[in-house]
Amino acid sequence: MNNSSQIRKVIHIHPVTSYRDMSTFIDLPWQIYADDPMWIPPLRLERRLHYSKFNPFFSHAKWQAWIAYKNGQAVGRISAQIDTLHRQRYGADTGHFGSLECIQDVTVFAELIQTAEQWLATQGTHRVSGPFNLSINQECGVLVEGFDTPPVVMMPHSPRWYDTFLQQCGYQPAKDLLAYWVEVDFTPPRVMRTITQKYSNQIKLRTLRHDRFDEEMEILRDIFNDAWSDNWGFVPFTQAEFAELGNSLRWLVPSEFIQIAEVGGTPAAFMAALPNLNEVFAELNGRLLPFGWFHLIKRLKSKSIRTARIPLMGVRKQFHHTALGMALAFMVIDAPRQAGLARGIKEVEMSWILEDNQAMRNILKSIGSREYKRYRLYEKTL
């Protein structure tokens, strides 16, 4: 018997086709990260909804997921996705992989990758990129630097061997995504004070209006889609996707954590900050019921969460590369900072930032933040 036959005998790749399969798929990270103290368990209920038909991503995408078994034990997983919105912007031959988790076994890893590639090929894919869980507007990338700190809310974590294994499977780095860390009580730099003073009479800041929530979500979506439209890999948020994101965080994010800047009465920029719910999730071990919700709400009300994340920010394209645009960025950064200080937030992650977004990286450097994590996306031609 040759080696490939022996591999097929001990490794079996099984498609996810049932509720029970999906439970195994969702539970697998608990095994992969059993000895990693930095990993934060996701909420199983949230993951179940994420991979269900109720995720609005699937209104414009299709996918398949698989589980790898070795000697009868689940040891890895992967998904493959075809996103019609991505294909409309980047070509009808694109496809993605994601939800990748695997033990430190390059043979199992390669079998998972090959299975995803074979499915993507049947969908007319020649250019594969990832990992996306499930799109660039959700968790994405493999952690390649910053393994000694836990991830913040809605950011991934990875074992150290994923980067090496992906490159051994023929994938090349496509783009790095950066996360920055900053202490909230920083002293605004002179350039920040000067620019905001100069343009403060042209800019009006306000918080999110909860009584007009749906309308406000559309304003934020419109700014974001405009601001990011020229960025690498951009795919626009649909109305349903952004509404779902807003509804999932509606009761967890204080109004003052979302700041909208207007110029001449027209929304021109925004920033949204989230309390780092991973501080709480680390204590729940994936269980929101029966008492996880109570514990989460209690922690939020007691203002005992000490870190936060800024996942969304946008300045309309018409203000890019202008002094007014810099003032807009500085002002929407500073306003949530003041709200965070009042709620006991000490440190904030700003993520993610494209490695070649030098303008934003310069702004973050000017306020004393430091690059502390790096995530990588990969690509391959089939």
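At 83% relative accessibility, H321 is exposed (exposed is over 50% relative accessible area, buried is under 20%, and partly exposed is in between, with a 1.4 Å probe and protein chains only). This is a predicted model, where local features need pLDDT of at least 70, side-chain atom pairs count only at pLDDT 80 or more, and totals for chains, interfaces and linings use all residues. Residues are numbered from 1 along each chain as its sequence is written, and side-chain values use heavy atoms, with hydrogens and water left out.

**View A. H321 has a positive phi.** Look for H321 in the loop between strand 13 (307-315) and helix 12 (323-342). Helices (H or I, at least four residues) and strands (E, at least two) are DSSP runs, numbered from the N terminus. Phi of H321 sits near 60 degrees. Most residues other than glycine have a negative phi.

**View B. M154 also has a positive phi.** Here phi is near 65 degrees, in a residue other than glycine. M154 belongs to the loop between strand 8 (142-145) and helix 6 (162-168). With a relative accessible area of 37%, M154 is partly exposed.

**View C. A cis peptide bond joins G130 and P131.** Omega for this bond is about 5 degrees. P131 is in the loop between strand 5 (127-130) and strand 6 (132-133). Most peptide bonds are trans.

**View D. N133 and L134 are joined by a cis peptide bond.** Omega is about 15 degrees for this one. You'll find L134 in the loop between strand 6 and strand 7 (139-140).

**View E. L45, L49 and F54 make a nonpolar surface patch.** The patch covers about 330 Å², with accessible areas from the Shrake-Rupley method using a 1.4 Å probe, and for residues only the protein chains shown count as cover. Patches are made of residues with over 30% relative accessible area and no salt bridge; like charges are joined within 9 Å, and nonpolar side chains (Val, Leu, Ile, Met, Phe, Trp, Tyr) within 5 Å. A salt bridge is a side-chain nitrogen of Lys or Arg within 4 Å of a carboxyl oxygen of Asp or Glu. F54 lies in the loop between helix 3 (44-50) and strand 2 (61-70), and is exposed at 63% relative accessibility.

**View F. N276 is buried.** Its relative accessible area is 6%. N276 is in the loop between strand 12 (266-275) and helix 10 (278-284). Leaving aside residues up to four places away in sequence, N276 touches V152, V153, I305, T307 and A308 (contact means heavy atoms within 4.5 Å).
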